[in-house]
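Here is a short briefing on ring geometry and helix packing. Please look over the structure, then take the points by topic.

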Amino acid sequence: MNFQGSRRRGEDGIAMVIDFLLSNARLVLGVGGAAMLGIATLAVKRLIERAGRAADDEKVEQKMAESWEELSLVSASPTLIKKGIEGVVMKHVAKAARQQKANLCQQPQTSPPEVVPKVESKSKRLQLCVLTLQERLQQYYHTRAALAPGEIQRAQSLALDICTEIQGFLHSRLPDMPLGEMNLGGSLLDDLQVVSADHACLLVPLQLEASLWRLVPGEETLLTHPLHWMVRRVNLEYFPRGRSYWDRYLVGGYLSAEAVVNMFSKAVMETINWPSISSTLDCLVRPVLGGPDLKLEIRPLDEFGAESGDEPLFISMLPLLREGDVVLSAQTELTSPWVNAWHLSLYPWENQRLSQLDTADGGRRRQTLKILKAVCRLNPALRPLEAAPLSNLILHLSDGESDWSESSLHARFQQCITELIGYLENGALHSYFKPAVNLLSGLSEDQVDQMGFMLYCAVTEPEILLI
């Protein structure tokens, strides 16, 4: 913490205590104690700032009383805080604060030297003080989360141009491959992308003969994973191998997602004349090789034909199977090491449910989701939280909370923070449509610690997530 002017005296005492506690908080106290210490630090910072601005002892007492009321929030911290840690933290903080108060009262009432802060930083602080949380959230949504219609349209147009080129190439190169109409899907199409339009998804539907293939739910497979489905070849006694085009990608009697992805990688990524397509579209198009997914990188060119400084657009090519409302995708990065497993995509169900709820009551669930996605993407500590846990967080919250109007945006945002802390404490956030799936299982202990600390601090100062 930085103190200036007349508040320099007594700085060493409290600074040493706070610096020591903060530097050792996560090591000694764990995530709960460290988070509580972070909240206490914020409150003490307010105490010292208010005390430093007071003109006499009575005002010092009044301002300090107001700040100590804020410290009462520490006692309401969640259950992960270790027993007895509150007394330790409060003891050190109270001792340092008393020393600071005595120094402030003894020193002469001299005006601090004039400091000319930067105009930009001053305006930002003033803006944070004037705007309410509701106004800050609306501002954050329009400046960070929501994308400009022109930006969305340009990205969609470019992705559709690439889609047309790939589909035309496949029809000419592999005319007997039974494919459905390729189309654009994902967050860019559904207006759920935030910060920048930097990724898109091309859906490549495979057409299977209903009498020759059966989609097996994950719970019925040897993997017993609800999201890992398999596609079994059936009726081999009547229709032997070779009757279906996709029989060539069988592994152990099942259609292999890995074999299908490898086929598209060779047929599309490594075969298409990308320099020719680049010249046609006036942008640099090149495949991203070496990864488990089928991805293209598109970089815009300047007027001289060189790469511009704009951010690239990444387009993922996603082979998938559809049967009713079931959508299985070939995403080997999610189903590895099982070569035959297909991933059950819950995104269509989640997006449809959010849209239905918002349409029914005029709610702002999708707007809240976009704000949360932007916060997590721009905050390094929260970046491991992907879209799926945030979508399911809002769906679970909607079961018990009916008011999602625009005027209650700030209340729902704070409620989402509190609920997310609870899920992190328990180490589990179950999927809304597949309760057996824990959407937090991929997070490491260190990631949970960092997210927990940031969110605990945001309980009393939610604006720190909107900077």
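**Rings, charges and helix packing**

Arg233 sits over the face of Trp213, 5.8 Å from the ring centre. The model is a predicted one.

**Charges over rings**

- The CZ atom is what counts for Arg, and the cut-off is 6 Å from the ring centre. Arg233 over Trp213 comes in at 5.8 Å.
- Lys295 lies over the face of Phe314. Its distance from the ring centre is 5.8 Å.

**Aromatic pairs**

- Rings pair if their centres lie within 6.5 Å. By this rule there are five aromatic pairs.
- One of the pairs is Tyr245 with Trp246, at 5.1 Å centre to centre. Their planes make an angle of 85 degrees, and the pair is edge-to-face.
- Tyr245 and Trp246 are both buried.
- Tyr432 and Phe433 have ring centres 5.2 Å apart. Their planes stand at 80 degrees, and over 60 counts as edge-to-face, so this pair is edge-to-face.
- Which residues form one aromatic cluster? They are Tyr245, Trp246 and Tyr249.

**Gln156 in helix 7**

- Gln156 belongs to helix 7, which covers residues 149-173.
- Leaving aside residues up to four places away in sequence, Gln156 touches Leu184, Leu188 and Leu189.
- Gln156 and Cys201 are 45 residues apart along the chain. Their C-alpha atoms are separated by 9.8 Å.

**Helix 7 against helix 9**

- Two packed helices are described by the angle between their axes and the distance between the axes.
- Helix 9 spans residues 274-281. Helix 7 packs with helix 9 at an angle of about 140 degrees, and the axes are 12 Å apart.
- The crossing of helix 7 and helix 9 is right-handed.
- On the helix 7 side, the contact residues are Asp161, Ile162, Glu165 and Ile166. They meet Trp274, Ile277, Thr280 and Leu281 in helix 9.

Definitions and conventions
Residues numbered from 1 in each chain as written. Predicted model: local features only at pLDDT ≥ 70, side-chain atom pairs only at ≥ 80, totals over all residues. Heavy atoms only, no water. Phe/Tyr/Trp six-rings, centres within 6.5 Å; stacked < 30°, edge-to-face > 60°. Buried < 20%, exposed > 50% of the residue type's maximum accessible area, 1.4 Å probe, protein only. Lys NZ or Arg CZ within 6 Å of the ring centre and 35° of its normal. Helix = DSSP H or I, 4+ residues; strand = E, 2+ residues; numbered from the N terminus. Contact = heavy atoms within 4.5 Å. Axes fitted to C-alpha atoms, helices over the stretch in contact; angles between N-to-C directions. Left-handed = near helix turned anticlockwise from the far one by under 90°.
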